[in-house]
Amino acid sequence: MKKTIIITGGAGFIGSHVVRLFVNKYPEYQIVNLDALTYAGNLENLTDVAKSPNYTFVKADITDYETISAIFAQYKPDGVIHLAAESHVDRSITDPFAFIRTNVMGTCNLLHAAKELWKEQMEGKRFYHVSTDEVYGALENDGTFFVETTKYDPHSPYSASKASSDHFVRAYHDTYGLPVVISNCSNNYGSHHFPEKLIPLAINNIKHKRPIPIYGKGENIRDWLFVEDHARAIDVIFHSGKNGDTYNIGGNNEWTNNDLIHLLCSIMDRKLGRTDGESAKLITYVTDRAGHDLRYAIDSSKLQRELGWKPSLQFEEGLEKTVDWYLANEAWVDRITSGEYQQYYEQQYSNR
Ligand code: NAD
Ligand code: DAU
């Protein structure tokens, strides 16, 4: 069936994988990538699909309601998959207001524009908010998991802004009948990941023999999921998720930061022809992140049971693929880590 879908944040890390999947898998859909191209957005992530007849890019800022409402009037989307956000926890600690503007106000602008466009006919429409497991707060290291009914308990300005936007999505469903669906996903890794986040930062630093900063004692635990598995989950939930429902997405793949970095170091030693243990000498323990959540772990059994999704890749295999991509795409990393990012990076580490 013909459909127009606006994907916000499509020039970012996860968004570019979602755009690529939808453009290639659904030639009958018109995919509109709406992105402001902040420091984290890069059209180079999508050169392989940029000329596809079912793909359009629109540069726009979701914090500007007038512009968003005009874009909705022009393209008349049947669906919105909303990923645009400020996504980095450390940045939210230094500039919380940017997160309130984009993640809270921006999401409300999109919800309102969708409600105005669809108010006469909500059937067949869908607003999908791509959210995070960080809204649930932190777990002890006790074998428990976040489920869809876990109480929200965000700690960082980033997770508070995402929790707030999730609440607005539900409010638009409950108040105006907007057809919505939400997913809360664990940590993604894979190609095109901005190198301010742990895995691509560590790959880049190992390559250049720079210190690998580990916050605190490195005992924090994250549940890592290959980004293409997340994109597949978004596809399944967008098409088959139940209206008004939430789905947790995770890799069932918990690692302490210490163990993860040691594994990455040994993969990189092998790939770079270094002696085993050489890269691990770069590990440097630095001041902990303020309010650092101890552990995230997702129970994704609802998604597996109801919609038949499951992760496809073992972590070691996914990490190898990721390292290979970064080593083969040094120019991509060099370009995005110059300029504004270079200044941010130097500032971050001069404070630690
Ligand atoms: P990212 O930072 O790589 O990309 C964000 C994209 O949004 C960029 O292309 C940027 O240009 C765009 N953007 C930012 N502000 C905008 C604005 N005001 N108007 C329009 N576009 C704007 O982020 P990501 O890691 O790909 O995350 C995408 C989404 O998935 C986010 O909503 C995030 O909360 C969520 N999420 C991320 C992870 C993860 O591990 N990265 C896990 C779970 C959920
Ligand atoms: O859980 C989902 C979330 O995962 C997403 O919602 C966020 O958008 C995404 O950025 C990610 O958040 P994290 O804070 O978990 O990811 P990050 O890569 O920044 O950090 C992963 C872990 O590594 C965390 O415990 C902090 C630690 N860390 C991070 C950096 C950047 C370090 O020890 N050193 C570092 O230099």
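This is a predicted model: local features need pLDDT of at least 70, side-chain atom pairs count only at pLDDT 80 or more; totals for chains, interfaces and linings use all residues.
The side chain of H82 reaches the side chain of T107 in a polar contact of 2.9 Å.

**A histidine on a strand**

Where does H82 sit in the fold? H82 belongs to strand β4, which spans residues 79-82. Is H82 buried or exposed? With a relative accessibility of 1%, H82 counts as buried, because the cut-off for buried is under 20%. Leaving out residues up to four places away in sequence, H82 touches T8, I62, T107, L110, F127, Y128, H129 and V130.

Now let us turn to the first ligand. Around ligand 1 there are 28 residues, and I14, D35, S87, Y158 and K162 come nearest. Sorted by class, this shell has 14 nonpolar, eleven polar and three charged residues. Which elements supply at least two residues of the shell? They are α1 (13-25), β5 (126-132), α5 (157-176) and β7 (187-189). Of the elements, β5 gives the most, with three residues.

**Ligand 2 and its surroundings**

Ligand 2 is surrounded by 24 residues, the closest being T132, D133, Y158, R289 and H292. Its shell has ten nonpolar, eight polar and six charged residues. Here α6 (198-207) and β8 (212-215) each supply at least two residues, and β8 gives the most, with three. Look for Y158 in both lists: Y158 is among the nearest residues of ligand 1 and among the closest of ligand 2.

**Distances to ligand oxygen atoms**

| Protein atom | Ligand | Distance |
|---|---|---|
| L37, backbone N or O | ligand 1 | 3.5 Å |
| S87, polar side-chain atom | ligand 1 | 2.7 Å |
| K162, polar side-chain atom | ligand 1 | 2.7 Å |
| Y158, polar side-chain atom | ligand 2 | 2.6 Å |
| N187, polar side-chain atom | ligand 2 | 2.8 Å |
| N257, polar side-chain atom | ligand 2 | 3.0 Å |

How much of each ligand does the protein cover? On its own, ligand 1 has 840 Å² of accessible area, and the protein covers 96% of it. Ligand 2, taken alone, exposes 690 Å², of which the protein buries 95%.

Note on methods
Residues are numbered from 1 along each chain as its sequence is written. Chains are lettered from A and ligands numbered from 1 in the order in which they are written. Side-chain values use heavy atoms; hydrogens and water are left out. A residue is near a molecule or strand if one of its heavy atoms lies within 4 Å of it. A polar contact is a pair of N or O atoms within 3.5 Å; within protein, one must be able to donate a hydrogen and the other to accept it, and residues adjacent in sequence count only if both atoms are side-chain atoms. Accessible areas come from the Shrake-Rupley method with a 1.4 Å probe; for residues, only the protein chains shown count as cover. Helices (H or I, at least four residues) and strands (E, at least two) are DSSP runs, numbered from the N terminus. Ala, Val, Leu, Ile, Met, Phe, Trp, Tyr, Cys and Pro count as nonpolar, Asp, Glu, Lys and Arg as charged, and the others, Gly among them, as polar. Buried means under 20% relative accessible area, exposed over 50%, partly exposed in between (1.4 Å probe, protein chains only). Contact means heavy atoms within 4.5 Å.
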